[in-house]
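Here's a quick briefing to read alongside the model. Have the viewer open, and we'll go through a helix pair, the overall picture and some aromatic rings.

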Amino acid sequence: MVKLDDGKGLQVTEVHSSPMDTVFTNFKAGMEGVDKEKVKAIVHDMSKGSDHFKNEQRKAAATDVRIHRMKQAAARLTADQLAGFERAVDAQVCELNATRDLSRTWLHVDMDAFFAAVEERDRPDLKAKPFAVGGIGMISTANYVARRYGVRSAMPGFIALKLCPQLIFVKSNFDKYSKASAQTRAVFRDYDPEFEAGSMDEAYLDVTEYVRLHGTTGPEVAALIRQRVQQETGLTCSVGIAPNRMLAKVCSDRNKPNGQYELPSTLAAVRQFVAALEIRKVPGVGKVTERILSAFGVHVAADLHTHRALLAALFSPVSLDFFMRIALGLGSTRHSDPGPDGSVGRKGMSCERTFRNMSEPRDLEAKLGELAEHLAADMASEDLKGRTLTLKLKCSNFELRTRAMTLPKYIHTASDILAAALKLLQAELPIEVRLMGLRMSSFLEQVRDPGQLSLAEMLAGRRSPAAGAEAGPSSAGAKAGPSSAGAGDYEGEAAGSSLGEGELLELSLQDWGRRRGPRPPAEDTCPGRDGSRSPDGREAKPAAMGEWACGACTLLNPGLAGRCEACGQRRRPHATMAVRRGQKKKPKVEGVTLDRFLAGKSRAASRGIDSPASGGSADIAECSLCREWLPETQLAQHMRGHRLSHR
């Protein structure tokens with residue numbers, strides 16, 4: 001008996017759902033024939049009085065409160081209201097039906113008891129014995145022999161031992177599992193180069209084009225994939241074949257292990273399959289949603305359509321759309337949109353670990369360091385940088401806490417991640433936890449205009465042999481051509497050996513400007529100080545008053561740009577304020593006015609520098625900050641002086 005107040009005067013004094021119905025009792029493939037009631041009783045006896053048991057009671061009571069309130073709301077609905085909801089849902093169903101696409105062939109490949117199968121492959125003596133990967137605290141997975149006793153993944157090891165006293169524990173080896181996963185993905189890529197991995201042991205493949213080009217069928221491709229995976233990895237997998245992703249995933253669980261199941265791509269077959277589909281078998285439906293739907297008579301997918309008016313009245317539009325898609329057997333038929341060029345394509349990246357209860361600050365910081373290293377490595381694999389870091393903690397009493405912070409700059413290194421994570425952890429101390437996780441989000445997106453080079457491309461181009469051959473001998477005396485291609489034959493490469501990243505960036509920005517193409521003649525783009533006009537007699541239009549030079553890389557940017565187009569540096573606040581206050585500012589233009597060019601040429605000549613315009617051999621350039629003309633070889637050092645004085 002648990003009392004829980006929902007804050008609105010409603011109290012539930014009896015929990016109608018048993019806390020024995022946990023994730024441990026949700027049966028997986030290979031657990032057919034297991035006595036469910038016996039497993040539930042053992043789980044109850046072993047968990048009773050524990051923090052986990054109390055947490056399950058709290059969650060069950062909260063769900064009962066929610067169900068009770070929803071039933072009260074349902075009782076107040078009139079027949080006219082329900083009829084209105086039904087008409088609205090019917091219109092929505094018609095729209096959803098119009099999006100149905102039965103022309104695609106999707107496969108969902110699911111490795112069979114993946115971690116355990118890898119261990120069985122390397123240790124054949126384990127095949128006939130019940131064993132689990134993990135330890136007394138938590139099990140990652142169990143082989144099919146152990147599953148006959150009710151042992152499954154996400155189950156504490158001490159409960160598993162009660163179910164199966166002869167159970168053997170095998171220590172996990174994620175390096176080995178990652179290698180096996182990479183081998184399977186190499187096979188998947190041959191049939192769908194854009195396949196999407198759901199996890200280490202599953203993948204979604206759209207083989208429509210492969211089927212069309214090779215004149216084969218979905219089941220034949222599935223059989224070929226299973227054969228190749230077994231030959232190349234020694235592991236087995238099960239495959240579901242269907243016209244969309246959702247149905248393919250459901251089908252992959254039908255003939256496990258080492259089997260396949262096809263759902264024909266016809267409307268009648270899809271409707272018949274979905275009508276009898278248990279709600280809990282649908283991806284995205286958990287035990288809480290299952291309990292709530294069951295309270296309103298929804299047990300299979302066909303019931304969702306039967307009770308559509310009531311569901312529309314009680315659930316959000318997003319939930320209703322999800323339910324109607326299940327009832328119709330609709331799912332995604334295309335790979336996820338990669339987004340515009342330069343976009344990240346994901347919202348966040350995370351990693352977490354479960355362990356024995358831990359409370360010592362030194363141990364917590366060490367565990368946090370491991371997570372930071374892991375997260376940094378994952379981000380580096382996709383060249384990501386993020387600004388928002390979230391710390392996730394699950395206490396020893398199963399209370400879940402999260403704390404997040406948005407950083408002033410984008411980070412990606414393990415040291416920066418750890419420094420921020422430690423600040424979040426300090427705010428929660430003292431604490432005893434059993435799970436810790438880190439999540440990075442708000443990734444830096446470097447969307448560029450078509451044809452615009454990224455910084456990495458600029459640096460790579462400056463180091464390439466082709467770039468060196470075009471540029472000629474560098475100031476360091478290196479010779480251009482194949483003989484010195486590997487030694488750094490370009491000016492930027494020579495400078496890179498003695499200058500820091502900032503100076504190398506400045507040199508590369510010069511090259512970026514040249515690659516964008518020659519600037520238009522100055523007298524055709526803006527008037528000189530003496531009011532000179534363009535050749536057609538019309539006064540040239542000056543550049544916008546708001547143009548500004550980046551304080552980091554000195555690139556001249558459009559007035560409305562909030563960030564530098566080259567390096568992404570934010571615009572200095574004082575530059576914006578000057579424009580808002582109407583202060584008079586000399587217009588900064590992208591082109592070079594004729595009088596400024598002549599003045600620069602004169603100053604350069606007085607310093608013994610020959611201008612290219614006069615047929616000289618030296619390259620001279622104008623500083624975008626002080627408008628001084630000087631040799632290009634001195635420009636980087638000159639700009640660095642500006643930056644240091646600015647600081």
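At what angle do the axes of helix α2 and helix α12 cross? Roughly 35°, with the axes of α2 (residues 51-75) and α12 (residues 287-295) coming within 10 Å. Keep in mind that this is a predicted model.

**The α2 and α12 contact**

- Two packed helices are described by the angle between their axes and the distance between the axes.
- As for handedness, α2 passes α12 in a right-handed crossing.
- On the α2 side, the residues that make the contact are E56, A60, T63, D64, R66, I67, M70 and K71.
- Facing them from α12 are K287, V288, R291, I292 and A295.

**The whole protein**

- You'll find 25 helices and 18 strands in the protein.
- The protein has 647 residues, and 42% of them count as buried.
- Take the contacts between residues at least 6 apart in sequence: 61% of those join residues at least 24 apart.

**Aromatic rings**

- Searching the whole structure turns up nine aromatic pairs.
- One of them is Y191 with Y210: the ring centres sit 5.0 Å apart and the planes are at 65°, so this pair is edge-to-face; the cut-off for that label is over 60 degrees.
- That pair links distant parts of the chain, with Y191 in the loop between α7 (174-189) and β7 (196-199) and Y210 in helix α8 (residues 208-214), 19 residues apart.
- Are Y191 and Y210 buried or exposed? Y191 has 6% relative accessibility, so it counts as buried. Y210 has 18% and counts as buried too, because the cut-off is under 20% relative accessible area.
- F315 and F323 form another edge-to-face pair, at 5.2 Å centre to centre and with 90° between the planes.
- F315 is buried, with a relative accessible area of 13%, and F323 counts as buried at 4% relative accessibility.
- Which residues form one aromatic cluster? Look for F114, F115, F174 and Y177.

Conventions: Residues numbered from 1 in each chain as written. Predicted model: local features only at pLDDT ≥ 70, side-chain atom pairs only at ≥ 80, totals over all residues. Heavy atoms only, no water. Axes fitted to C-alpha atoms, helices over the stretch in contact; angles between N-to-C directions. Helix = DSSP H or I, 4+ residues; strand = E, 2+ residues; numbered from the N terminus. Left-handed = near helix turned anticlockwise from the far one by under 90°. Contact = heavy atoms within 4.5 Å. Buried < 20%, exposed > 50% of the residue type's maximum accessible area, 1.4 Å probe, protein only. Phe/Tyr/Trp six-rings, centres within 6.5 Å; stacked < 30°, edge-to-face > 60°.
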